[in-house]
Amino acid sequence: MKRNSFLNRFYRTLCTALSVTLVTLFAVSGSEAYAKTIAREEFMNDKTITSLDIDGDVTSIGDRAYYGCTNLESVNIHEGVKKIGESAFAMCPNLTSVTIPSTVKTIEPGAFAGDTSLSALTFPKGNTHFYFLAGALYNAKGTRLIAYMPGKSYSLYDMPDTIKYVDNYAFWGAYNLEKVYVSPNVESVTPYDFAYCSGLKYVYLPESVKRIEEYAFRDCKNLQYIYTEGRKVAVDPTALSNAGKTKTISGANLDTFNSKFVLDDEDEVLNLIRAEAAVHQDDNRTPTAVKGTSGNQITATASGNAHPGYTEE
């Protein structure tokens, strides 16, 4: 795989707690929740909710509880909540801020699918169940990719070698992605993984991948090439529904893929990710990397619980 050596050393060792980005959130009337469980689809498609302040008396947020709340902009979940259900906050295109407490142990697939304005999640320093870096949410062991933020601006994603499983809907709606390398330990591209990734052009699948499951690349209208190292990959008939005129090349060679498909901003994106990783590793907080307005200098800052010498966002 292309696997940047610095990033992979980092990914293999980084399975620690995340840091807080200090966020101030405001709840509209009726948006605070005090029941023990927010029921499945309870506020689905509610256009009146603009922000949420979910009380710690709630232990679970049900599947699709806030699905399709198109005016929702911010979510603050308090300590006490343990589970975020499948597609709980999916298809909320104006959602930009989500704070998740250390008590959350489970985030089900598709929790933030289609949230095209969401580029990051905020975790407290006490979190030991997840880590978040460069737009991607992982389990603490670094073996499972839970979600890639649909609003992340990066054009390239190079999946860590440690990843063995990718959740359904993981990349749904990540419209800025153009090129993806899948981990050499992943066995299947799971249902709806890359659905509605409208900018996706090139995908490299290692020999470990044996299946491309239903609707995996649905509506990827700019998808041009899927390179697979394996010669026998089972492709579901719906995998490329409404996708572009995609060519699937089996028995592919990684060097050929790398030389043939180079993004204009590829080096810049890798430098941004390195900058994020360096700040995360040094201070264990949620980082954001930016390119300077003059020249090509890359800088990274991290918010929340800053010690002297760091610039707060």
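**A buried serine and the nonpolar cores**

In this predicted model, Ser 155 is buried, its relative accessible area of 2% falling under the 20% that marks the limit for buried residues. The residue is placed in the loop that runs between strands β10 (144–148) and β11 (156–158). The side chain of Ser 155 is joined to that of Asp 265 by a polar contact of 2.8 Å. When residues up to four places away in sequence are left aside, Ser 155 touches Asn 176, Leu 177, Glu 178 and Lys 179, and also Leu 263, Asp 265 and Val 269.

With regard to the chain as a whole, the secondary structure comprises three helices and 21 strands, and buried residues account for 53% of the 313 residues. Of the contacts between residues at least 6 apart in sequence, 42% join residues at least 24 apart. The chain exposes about 13,200 Å², of which 47% is supplied by carbon and sulfur atoms.

In soluble globular proteins, nonpolar side chains tend to be buried together. The largest nonpolar core in the model contains 49 residues, and those with the most contacts inside it are Leu 145, Tyr 157, Met 159, Phe 171, Phe 194, Leu 200 and Phe 217. Helix α3 (residues 266–283) contributes five residues, the largest share of this core. Tyr 157, again with residues up to four places away in sequence not counted, touches a set of residues that includes Ala 136, Tyr 138, Leu 145, Tyr 148 and Phe 171, together with Leu 177, Lys 179, Val 180 and Tyr 181.

Methods:
Residues numbered from 1 in each chain as written. Predicted model: local features only at pLDDT ≥ 70, side-chain atom pairs only at ≥ 80, totals over all residues. Heavy atoms only, no water. Core = buried A, V, L, I, M, F, W, Y, C linked by side-chain atoms within 4.5 Å. Buried < 20%, exposed > 50% of the residue type's maximum accessible area, 1.4 Å probe, protein only. Helix = DSSP H or I, 4+ residues; strand = E, 2+ residues; numbered from the N terminus. Contact = heavy atoms within 4.5 Å. Areas by Shrake-Rupley, 256 points an atom, 1.4 Å probe, with all protein chains shown as cover. Polar contact = N/O pair within 3.5 Å; in protein donor to acceptor, adjacent residues only side chain to side chain.
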